[in-house]
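Here is a short briefing for a reader with the model open. Please keep the sequence at hand while going through the points.

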Amino acid sequence: MNQKKTVMSGVRPTGLPHLGNWAGAFKNWVELQKDYRCYYSIVDWHALTSEYQNTKNIKQDIGSVLLDMLAVGIDPEKSTVFLQSEIKEIAELFLLFGMFTPLGWLERVPTFKEQQKELKDKDINTIGFLGYPLLQTIDIIIVKANVVPVGEDQVYHLELAREIVRRFNNLYGQYFPEPIELLTPIPKLPGLDGRKMSKSYDNAIYLSDSAEAVEKKIRPMVTDTRRKRRTDPGVPDDCPVFDFHKSFSSEEEKKEIVAGCTSASIGCIDCKKILIKNMNNVLDPFRERRKKYENMNAADILEPGTRKVKAVAKQTLEEVRELMKI
Ligand code: SF4
């Protein structure tokens, strides 16, 4: 009997994936493949919740995200990789759950207000945007996932998902398992300028960047401003280059850099060289694996996963309709 628990997670196809996406999600997804039955979805409907006015690149972005997922080591033989919008049952279950999910529950989601402030230039006063935590809940429960890998900032969404599941179970009978979070520490991986790594800030290192491109981006990075001259000591914790070292360099190297930086015995150029080497050591296997998949058709890669999820989702829907007596 297969005792493996089911994991579900998704990625929005909104531009080329970067190192922040790898550190915050993909790296962990690859690990989880060993011990869990994993469903990984490219959630294109979620992309529409904030990008509905700008859909021209969405198909291309789905291809890029898929290729990078495979390049980092998500294996379609081990995990079920699929495209959300191919599973129309998700839309039907979302509609049914919309009937009994109280508006107030969605309005009090902290990220709802935060994002409305952050994305001021976008009109996201929409049903789609308000409903996205419900859509996330549906993504999880339609395959009866028990475990969802999340960072601290997503814990509230999982609490909400459980509340919604409980409401269904109370109204129509115990059916859905309550998903639990698998808290994953997400390392701080800022962009090249110290702000959050993001395509829109033009400060990202992409998973598809060549070794030369990585070098070109790291070399001009601003370091701790105390190090005006080579002889000035610095404080690694105030340096965005060191933030990268935390994720890419060994303990020993980090110790040496701290000692070298604070005593000015290492220069920033040498420190960056170590980082470039280590970062490319991580990215090189991705580059190799990418070659295997880059000429393949995205639809062909997604087809088996889509077929599998469709069968599971269909059955869930049939049982839900029966419980709801519709
Ligand atoms: S030596 Fe390294 S950690 Fe120190 S300021 Fe220069 S780049 Fe940053």
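Predicted model: local features only at pLDDT ≥ 70, side-chain atom pairs only at ≥ 80, totals over all residues.

The structure holds 1 cavity of 30 Å³ or more. The ligand sits in the largest cavity, whose volume is about 110 Å³.

**Ligand shell**

- Which residues are around the ligand? They are Thr223, Asp224, Arg227, Cys239, Val241, Phe242, Cys261, Cys268 and Cys271.
- Two helices each supply at least two residues of this shell: α11 (240-248) and α13 (268-293).
- By class, the shell around the ligand divides into 6 nonpolar, 1 polar and 2 charged residues.

- The volume of the largest cavity is about 110 Å³. It is lined by 13 residues, and those closest to its centre are Arg227, Cys239, Cys261, Cys268 and Cys271.
- Each of these five also belongs to the residues around the ligand.
- α11, α12 (251-262) and α13 each give the lining of the largest cavity at least two residues.
- The lining divides into 9 nonpolar, 2 polar and 2 charged residues.

**Buried helix residues**

- His46 lies in helix α2, which spans residues 44-51.
- Is His46 buried or exposed? Its relative accessible area is 4%, so His46 is buried, the cut-off being under 20%.
- Beyond its neighbours within four places in sequence, His46 is in contact with Arg12, Gln84, Tyr132, Leu135, Gln136 and Asp139.
- Glu89 is placed in helix α4, residues 88-98.
- Glu89 has 10% relative accessibility and therefore counts as buried.
- Which residues does Glu89 touch, not counting those up to four places away in sequence? They are Ile142, Lys310, Ala313, Lys314 and Leu317.

**A buried loop residue**

- Leu119 is found in the loop between α6 (110-118) and α7 (127-130).
- With a relative accessible area of 18%, Leu119 falls under the 20% cut-off and so is buried.
- Leaving aside neighbours within four places in sequence, Leu119 contacts Ser50 and Ile124.
- How far apart are Leu119 and Glu212 in space? The C-alpha to C-alpha separation is 34 Å, and the two are 93 residues apart in sequence.

- Lys144 has a phi near 55°, a positive value in a residue other than glycine.
- Lys144 sits in the loop between α8 (132-141) and β4 (147-150).
- Lys144 is partly exposed because its relative accessible area, 27%, lies between the 20% and 50% cut-offs.
- Phi of Asp202 is also near 55°, again positive in a residue that is not glycine.
- Where is Asp202 found? Asp202 is in the loop between β5 (180-183) and α10 (211-218).
- Asp202 reaches a relative accessible area of 70%, which is over 50%, so Asp202 is exposed.

Note on methods. Residues numbered from 1 in each chain as written. Heavy atoms only, no water. Helix = DSSP H or I, 4+ residues; strand = E, 2+ residues; numbered from the N terminus. Buried < 20%, exposed > 50% of the residue type's maximum accessible area, 1.4 Å probe, protein only. Contact = heavy atoms within 4.5 Å. Near = heavy atom within 4 Å. 1 Å grid on protein atoms, 1.4 Å probe; cavity = no way out; pocket = protein on both sides within 12 Å on 5 of 7 lines; lining within 4 Å. Sits in = over half its atoms within 2 Å of the grid points. Nonpolar A, V, L, I, M, F, W, Y, C, P; charged D, E, K, R; others polar. Points joined across faces, edges and corners; volume = space filled by probe spheres on them.
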